[in-house]
Amino acid sequence: MTDLYFAYGSNLHPARMTARIPSAEGLGVAALHGLRLVCNKLGRDGTAKANLESAPKARVLGVLWRLPEDGWRALDEVEVGYQRVLVEVEQQGSWRPAQTYRSTLLSADVRLRADYKRWIVEGARAQGLPATWLARLEVLPVLDPPAERRT
């Protein structure tokens with residue numbers, strides 16, 4: 001396989017990744033073509049999480065991480081409900097094989113927990129993703145705060 005991981009969700013955030021895999025090495029921004037970012041994966045907490053969906057003319061921006069061999073086992077343990085898939089990503093005009101996560105465990109509710117969305121947006125900002133991509137992430141829908149939820 002490959003030691004490269006394409007992160008597009010909360011694992012964009014350097015603090016989150018290094019807490020999970022201390023020796024993960026960030027390799028910069030990359031693009032995944034033919035897929036789009038959606039928030040339809042059913043999380044363990046019942047809320048939506050980031051996911052990928054086929055879309056021939058779309059692309060997802062994210063970050064490449066180089067993982068140690070034992071890093072995949074650690075990441076698989078936290079990415080419950082996702083399957084690891086092999087993809088080709090574009091980075092600085094070159095194509096590189098990488099692995100990423102996709103899920104078929106879908107949620108009807110596409111709203112994110114606010115703290116989860118923060119990991120994504122702040123991670124994208126910290127990694128230097130373009131302002132146009134940040135704007136797309138900033139409008140992802142979130143759940144109402146618990147005190148304001150309607151029954």
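Contact here means heavy atoms within 4.5 Å.

## Basis of the model

This is a predicted model, in which local features need pLDDT of at least 70, side-chain atom pairs count only at pLDDT 80 or more, and totals for chains, interfaces and linings use all residues. Residues are numbered from 1 along each chain as its sequence is written, and side-chain values use heavy atoms, with hydrogens and water left out.

## Overall build

The protein chain has four helices and five strands. Helices (H or I, at least four residues) and strands (E, at least two) are DSSP runs, numbered from the N terminus. Read from that end, the order of elements is β-α-β-β-α-β-β-α-α.

The C-alpha trace spans about 50 × 30 × 30 Å along its principal axes. For 151 residues, a compact globule would have a radius of gyration near 15 Å, and the protein chain agrees with its 15 Å. That radius is taken over C-alpha atoms, and the globule rule is 2.2 Å times the number of residues to the power 0.38. Of the 151 residues, 44% count as buried. Buried means under 20% relative accessible area, exposed over 50%, and partly exposed in between (1.4 Å probe, protein chains only). Among contacts with a separation of 6 or more, 71% come from residues 24 or more positions apart.

## The nonpolar core

A nonpolar core is a set of buried Ala, Val, Leu, Ile, Met, Phe, Trp, Tyr and Cys residues joined through side-chain atoms within 4.5 Å. The largest one has 41 residues, of which Y5, F6, V60 and L67 touch the most other members. At least two residues each are supplied by β1 (4-7), β2 (25-42), β3 (48-66), α2 (71-78), β4 (83-91), β5 (94-102), α3 (114-126) and α4 (131-138). The largest share, eight residues, comes from β3.

Leaving aside neighbours within four places in sequence, V60 is in contact with F6, Y8, A30, A31, L32, L35, R36, L37, L52 and W133.

L75 lies in helix α2 and counts as buried, at 0% relative accessibility. Beyond its neighbours within four places in sequence, L75 is in contact with Y5, N11, M17, I21, L67 and Y101. L75 and M17 are 58 residues apart along the chain, yet their C-alpha atoms are separated by 9.1 Å.

H13 sits in the loop between β1 and α1 (14-20). Its relative accessible area is 13%, so H13 is buried. Outside the four places on either side in sequence, the contacts of H13 are with W65, W119, E122 and G123.

## Helices α3 and α4

Two packed helices are described by the angle between their axes and the distance between the axes. The axes of α3 and α4 come within 10 Å and cross at roughly 175°. Axes are lines fitted to C-alpha atoms, for helices over the stretch in contact, and angles run from 0 to 180 degrees between N-to-C directions.

K117, I120, V121, A124 and R125 in α3 meet L134, L137 and E138 in α4. By class, this contact has five nonpolar, no polar and three charged residues. Ala, Val, Leu, Ile, Met, Phe, Trp, Tyr, Cys and Pro count as nonpolar, Asp, Glu, Lys and Arg as charged, and the others, Gly among them, as polar.

## An exposed loop residue

Q92 is placed in the loop between β4 and β5 and counts as exposed, at 80% relative accessibility. Most residues other than glycine have a negative phi. Q92 is not a glycine, but its phi is positive, at about 50°.
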